[in-house]
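Here is a short briefing to read alongside the structure. Take a look at the fold, and then let's walk through it topic by topic.

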Amino acid sequence: LRHTYRSRALAIVIDVARGDRSAQETLDEVEMLREEAVKFDPLNGQKPWMVVGTKCDSLHRDALYHLDSLHFRLRARHGIDVPVVGTSARFGLGLTRLVRTIRQLIFPDLLEPRRRLPAERMVLQLPGVLHGRF
């Protein structure tokens, strides 16, 4: 916590593969970690923040249910959309979205939505050359 004075945003990392624990316990853990950061430095309460859920590949432990429930419970409690991103280090899932979300928190005005252009059809046959059977 002593290095949070240099940060522009806070990312709270929690394990969402809880098994038999309730979704309320996940929310309580997030709230407790954020309160600790604010107690340590009151300026942390003014910084944008997000929640990173790890171990989202553990489907047998209702990880995605806890992640989805956490998003809606945070929105109900705080009245704003707190970004909640699920990741899996085992398979590398959600890392691109995590980086994009962190960029949006730090530089909200600089990011523009990207529009992809449709690719042109590749010409695989050269003009003037016989292709196929002679």
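The buried residues of α2 are covered by elements that include β1 (10-15), α1, β2 (49-54) and β3 (84-86). Keep in mind that this is a predicted model. In order from the N terminus, its elements run β-α-β-α-β-α, giving three helices and three strands.

**Helix α2**
- On the buried side of the count, α2 contributes Ala 63, His 66, Leu 67, Ser 69, Leu 70 and Leu 74.
- The helix covers residues 63-78, and at 1.5 Å a residue its 16 residues should span 22 Å; the end C-alpha atoms are 22 Å apart, so expectation and model agree.
- Just after α2 comes Gly 79, which takes a positive phi of about 80°.

**Strands β1 and β2**
- These two strands pair in the parallel sense, over six bridges.
- Within that pairing, Ile 14 stands opposite Gly 53 in β2.
- The covered face of β1 holds Leu 10, Ile 12 and Ile 14, while Ala 11, Val 13 and Asp 15 make up the uncovered face.

**Charged side chains**
- How many salt bridges does the count come to? The answer is two.
- One joins Asp 15 to Lys 55, with the closest N and O atoms 3.8 Å apart.
- Asp 15 lies in strand β1 and Lys 55 in the loop between β2 and α2, so this pair ties together parts that are 40 residues apart in sequence.
- Asp 15 counts as partly exposed at 27% relative accessibility, and Lys 55 also counts as partly exposed, at 45%.
- Asp 81 forms a salt bridge with Arg 75, and here the closest N and O atoms are 3.7 Å apart.
- Asp 81 is exposed, with a relative accessible area of 51%, whereas Arg 75 counts as partly exposed at 35%.

**A buried arginine**
- Arg 34 sits in helix α1 (residues 23-40).
- Arg 34 is buried but has no salt bridge; Glu 31, the nearest side chain of opposite charge, is 5.8 Å away.
- Leaving aside residues up to four places away in sequence, Arg 34 touches Ile 12, Gly 45, Trp 49 and His 78.

**The protein as a whole**
- Of its 134 residues, 29% count as buried.
- The protein exposes about 10500 Å², and carbon and sulfur atoms supply 54% of that area.
- Among contacts with a separation of 6 or more, 67% come from residues 24 or more positions apart.

Notes
Residues are numbered from 1 along each chain as its sequence is written. This is a predicted model: local features need pLDDT of at least 70, side-chain atom pairs count only at pLDDT 80 or more; totals for chains, interfaces and linings use all residues. Side-chain values use heavy atoms; hydrogens and water are left out. Helices (H or I, at least four residues) and strands (E, at least two) are DSSP runs, numbered from the N terminus. Buried means under 20% relative accessible area, exposed over 50%, partly exposed in between (1.4 Å probe, protein chains only). Lys and Arg count as positive and Asp and Glu as negative; His and the chain ends are not counted. A salt bridge is a side-chain nitrogen of Lys or Arg within 4 Å of a carboxyl oxygen of Asp or Glu. Contact means heavy atoms within 4.5 Å. Accessible areas come from the Shrake-Rupley method with a 1.4 Å probe; for residues, only the protein chains shown count as cover. The expected span of a helix is 1.5 Å times one less than its number of residues. Two strands pair if DSSP finds at least two bridges between them.
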